[in-house]
Structure formats: structure tokens, C-alpha cells
Amino acid sequence: MANATKLCFDVTIIGGGPTGLFSAFYAGMRDMTTKIIEAAPFLGGKLPYYSEKFLYDVGGIAAITAGDLTKQLEKQASTFEPTLVYSQLIEEMERLEDGTFRLTSNTGEKHLTRSILLTIGFGTLVANKLEVPGAAQYEGHHLHYRPVNVERFRDKRVLISGGGDTAVDWALALAPLAQFIGIVHRREEFRAHEGNVALLQKQAVAVMTSSRIKEIYGQDDRIDGVKIERLDTEELTTLEVDEILVCHGSRPDLGGIKDWGLAIEQDRILVDAWMQTSVEGIFAAGDVVEYPGKLPGLIAGGFTEGPAAVNRIKAYLNPRQEVKPIWSTDHAKLSAIHSGS
Ligand SMILES: Cc1cc2nc3c(=O)[nH]c(=O)nc-3n(C[C@H](O)[C@H](O)[C@H](O)COP(=O)(O)OP(=O)(O)OC[C@H]3O[C@@H](n4cnc5c(N)ncnc54)[C@H](O)[C@@H]3O)c2cc1C
């Protein structure tokens, strides 16, 4: 992997979901040196999040679970041994004097590439923040947006803000070990599984509905307590807490890629029929793209857009090359692999 950062790849595929994985196979079939960079520590994009569900609309496969499709995609993508990079979120892109690109990830690692294929789905999920003045000073210390080790909350006074399944699940999980657990929600009703909402009462969770956190007070990054406002009466109560967990949902975000100068509309990257973006040498495919006739949110879409992009990249890298696909049936290495010779 040490060398992988110094080598300049023909194509770097950002995003290891179904579109990225199939594109990596296809790029290998077109004899391109290929790197996949994935923000998560695993491949498959959205598929692992519904791994037990059956898909019935992948061409040529009558029924397959999303988990098994991920395995098949990984196996197919590995045919031409692309370089795989996990747990790196690509944020920055610079064009170098010789026309190649240098990508930088959130870990600071740099990647050189002659072309880029963005298969980033909807980007990454960013937590909706608690809109309370000064909240940022406690973030990452005693105010949390992501699941953290539950042991951290043992014998602590914990307040959860939110009314969906995540908020209620956290309250139930922490009730047996926290010294105090409260849940504050803007609405009168929770939007969580009703059985779990009923369990809240049995688990001695202090439930504060039609209320919100109005103020957090503490010292440096330590939280001493909050002021809770009842939204109908504007009445304020003070509550001493050590930790706050905010479960206000999340929204997809393209992150630093928004600043690359690409034409983007409503968080979708605009491409032409060959999946070329508005920046030469940068291509995109799958859920992230928009073009006339795009069928949104379909795995099958990415499976045609990926090859379209790769075939175009082939010609971009070698302008004497015609933009045309090849048949896998004519590919000697594939025939050899699958005939076992
Ligand atoms: C519950 C559910 C059921 C579905 N059922 C079906 C179905 O039956 N049939 C169907 O066709 N489709 C279905 N879909 C939709 C399908 O899952 C998507 O269309 C498909 O996953 C899109 O693939 P993709 O590779 O374009 O994007 P994704 O699968 O979203 O993969 C994008 C990848 O890029 C990574 N990434 C993002 N930003 C960066 C970055 N800056 N740096 C590095 N990596 C990055 C992400 O971590 C992710 O792994 C379903 C979706 C859901 C949620």
C-alpha cells in the first residue's frame, strides 16, 4: 500500500458501492490500472445496510440478497486486482501541471491519478446539529452525534435529544447503566417503534416532550447542565447532566467534492451521455449523477453508467483510441480464469 500513494493510476474510482465495484471490474477489463478509494471500512456502498433484503431487479439474477450481491460484486471487482483503499474520505482535488490529479483524503494521504470516476452515491451522511448557541464547544467531548462506546455513559447523567428510533434505542440501551437518563423531544409524540416508546416508561427514563434544549452551561468542554424549554408555555427548567447525545437524524453531503468546480444541481453531479462531468478528466456514475432520462436510485443504472464512463476514460487517456466497448466474451484473461486454465 505504501507504493500505492506514489503510483499514478489510470483511473481512481472514488466510492466502493455497486457502481464503483462494477466500474473497477470493467476498468480492469479495459487494461487500466485502477484504484478504488472508499470512505467506509468495507465495500458495497448502501448494500450492506440492507444486506438481508432480497433484490429481484438485477438483470440476469432472479433473486439475491443485498449481502450476497455485495460478495459477488467484490469477487468480480477483484478479477483484475485493483488497489483498494479503505476508510479514506476523499476531500480535495488538485490538477497538476502535467494534467494528472492529486487527491487528498481526510487522513491527509495523497493519491495520484490520470482520471477520476466519482461513484459516491449521495456522499456521506452528516449529522444534523443541535441548534443551541455554543454547542460546538462541547462537541466530541461531552456532546455526541455518533454512537460512542456505551461504557462511557456508565454512572453518568445523560440527556438524549430527539424523538426517532435512534433516540429511543439509545435511551433504552443506556437506561440500565447511566445514573440518570432523560430524553427531550420537540413534539408530543415520538416517531419511534411504539413498543419501544412504551418501554421508556418501564425503564425509568425521564421523558420531556414538547420541549427542547435551550441552553447548555458548563466550563471549557465540560457540561454541567442544560436549560430545557417547554415549547407551549416557554417555561424553563434546569437539569444537571454530564453528557448529551443528539439524535436529530442526518443528511447526505458531497463534502469537499462540492468545491471541485463541478456542475452540481441539488446534490447531483451533472454529466453528459458518457458520464463526463463539467471538468475534463473527471467522470461520475451511479446514484450521484443527473442527466436527461436518468433513472434515479437503481443499481442497474450504475451498471451501464460505469462502463460508459470507463470506455470514455479509455479514449480520454489515449485520444487515438475510439470510444467503444469491448465484449467480455472476447477477453482472453477472463476466458482463462473461468475455464480454470
Ligand atoms: C433499503 C434500500 C433498498 C433498495 N432496494 C433496491 C432495489 O431493490 N433495487 C435497486 O436497483 N436499488 C435498490 N436500492 C438503491 C441502491 O442501493 C442504490 O441505487 C445503489 O447502492 C447505488 O450505488 P452507488 O454505487 O451509485 O452508490 P452507493 O451504494 O451509495 O455507494 C457510494 C459509496 O461511496 C462512498 N463515498 C461517498 N463519498 C465518498 C468520498 N468522498 N470518498 C470516498 N468514498 C466515498 C460511500 O461510503 C459509499 O460506500 C435500495 C436502496 C435502499 C437504501
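Two strands are taken to pair if DSSP finds at least two bridges between them, and helices (H or I, at least four residues) and strands (E, at least two) are DSSP runs, numbered from the N terminus. The model is predicted: local features need pLDDT of at least 70 and side-chain atom pairs count only at pLDDT 80 or more, while totals for chains, interfaces and linings use all residues. Residues are numbered from 1 along each chain as its sequence is written, and side-chain values use heavy atoms, with hydrogens and water left out.

The pairing of β17 with β18 belongs to an open sheet of three strands, with the order β16-β17-β18 and antiparallel pairing. Strands β16 (211-219) and β18 (236-240) stand at the edges with a single partner strand each, so one side of each is left without a neighbour in the sheet. From one strand to the next, the twist averages 25°. Ile228 stands opposite Thr237 in β18. The loop between β16 and β17 contains Asp220, whose phi is near 50°, a positive value in a residue other than glycine. Asp220 is exposed, with a relative accessible area of 67%; here exposed means over 50% relative accessible area, buried under 20%, and partly exposed in between (1.4 Å probe, protein chains only).

A positive phi is also found at Ala204, where the value is near 55°. Ala204 lies in the loop between α4 and β15 (206-208) and is exposed, with a relative accessible area of 63%. Most residues other than glycine have a negative phi.

Helix α1 (residues 18-29) packs on helix α5 (residues 299-317) at an angle of about 35°, with the axes 8 Å apart. Axes are lines fitted to C-alpha atoms, for helices over the stretch in contact, and angles run from 0 to 180 degrees between N-to-C directions. In α1, residues including Phe22 and Tyr26 meet residues of α5, among them Phe303 and Val310; contact means heavy atoms within 4.5 Å. By class, this contact of α1 with α5 has eight nonpolar, five polar and no charged residues. Ala, Val, Leu, Ile, Met, Phe, Trp, Tyr, Cys and Pro count as nonpolar, Asp, Glu, Lys and Arg as charged, and the others, Gly among them, as polar.

A search of the whole structure finds eight aromatic pairs, for which rings of Phe, Tyr and Trp (its six-membered ring) must have centres within 6.5 Å; planes under 30 degrees apart count as stacked, over 60 as edge-to-face and the rest as tilted. Phe25 and Phe80 form a tilted pair, at 5.8 Å centre to centre and 40° between the planes. Phe25 lies in helix α1 and Phe80 in the loop between α2 (66-77) and β6 (83-85), so the pair ties together parts that are 55 residues apart in sequence. Phe25 is buried, with a relative accessible area of 8%, and Phe80 is buried at 17%. One aromatic cluster is formed by Phe22, Phe25, Tyr26, Phe80 and Phe303.
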